[in-house]
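Reader: I would like to learn how to read helices and their packing. Can we work through an example?

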Amino acid sequence: MRIGELSRRSGASVRSLRYYESRGLISAERSTSGQRHFSEDAVARVETIRRLLTAGLGTVTIADVLPCVADPASQTTVLTQRLINERDKLTEDIEQRIETRDALERLIQQAPQLP
């Protein structure tokens, strides 16, 4: 499929797809005229990339993780430790956001009521 169709089916912008390709996260075959052609598997891969980005992982970490998604047996102890570290950072970020939300909630409770 061409890049526009991958964009439509995955929800990622064409610009994002080009960026993912430049970072080695996805790959495409090139036609003789230079057009990108992606496999059907690219849709699921892009969706996975987007979920990992939304979770706060960077593209370098994602590049390390993606092979394990396709072949869990390829995961190493070094990668597992990296994933644990990323998870712990996310947990800390979530806890801080909850504290911020709770502080805002207390301020809202104390504020004069709106008409």
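Reader: In which helix does E5 lie?

Author: Keep in mind that this is a predicted model. E5 belongs to helix α1.

Reader: Is E5 buried, exposed or partly exposed?

Author: Buried means under 20% relative accessible area, and exposed means over 50%. E5 has a relative accessibility of 32%, so it counts as partly exposed. As for its place in the fold, the C-alpha atoms of E5 and L79 are separated by 33 Å, and the two residues are 74 apart along the chain.

Reader: At what angle do α1 and α2 pack?

Author: An angle from 65 to 115 degrees counts as roughly perpendicular. Helix α2 covers residues 14-22, and α1 packs with it at about 105°, the axes being 9 Å apart. That angle makes α1 roughly perpendicular to α2.

Reader: Which residues make that contact?

Author: From α1 they are I3, G4, L6, S7 and S10, and from α2 they are V14, L17 and R18. By class, the contact of α1 with α2 has four nonpolar residues, three polar and one charged.

Reader: How do α1 and α3 cross?

Author: Helix α1 (residues 3-10) and helix α3 (residues 41-54) have axes that come within 9 Å and cross at roughly 55°. This makes α1 oblique to α3. The crossing of α1 past α3 is right-handed.

Reader: Which residues of α1 and α3 meet there?

Author: L6, R9 and S10 of α1 meet A42, V43, V46, E47 and R50 of α3. The contact of α1 with α3 divides into four nonpolar, one polar and three charged residues.

Reader: What span should the 14 residues of α3 have?

Author: The expected span is 1.5 Å times one less than the number of residues. For the 14 residues of α3 that should be 20 Å, and the C-alpha atoms at its ends are 20 Å apart, which agrees.

Reader: Which residue with a positive phi follows α3?

Author: That is G56, with a phi near 105°.

Key:
Residues are numbered from 1 along each chain as its sequence is written. This is a predicted model: local features need pLDDT of at least 70, side-chain atom pairs count only at pLDDT 80 or more; totals for chains, interfaces and linings use all residues. Side-chain values use heavy atoms; hydrogens and water are left out. Axes are lines fitted to C-alpha atoms, for helices over the stretch in contact, and angles run from 0 to 180 degrees between N-to-C directions. Helices (H or I, at least four residues) and strands (E, at least two) are DSSP runs, numbered from the N terminus. Angles under 35 degrees count as roughly parallel, over 145 as roughly antiparallel, 65 to 115 as roughly perpendicular and the rest as oblique. A crossing is left-handed if the near helix is turned anticlockwise from the far one by less than a right angle, and right-handed if clockwise. Contact means heavy atoms within 4.5 Å. Ala, Val, Leu, Ile, Met, Phe, Trp, Tyr, Cys and Pro count as nonpolar, Asp, Glu, Lys and Arg as charged, and the others, Gly among them, as polar. Buried means under 20% relative accessible area, exposed over 50%, partly exposed in between (1.4 Å probe, protein chains only).
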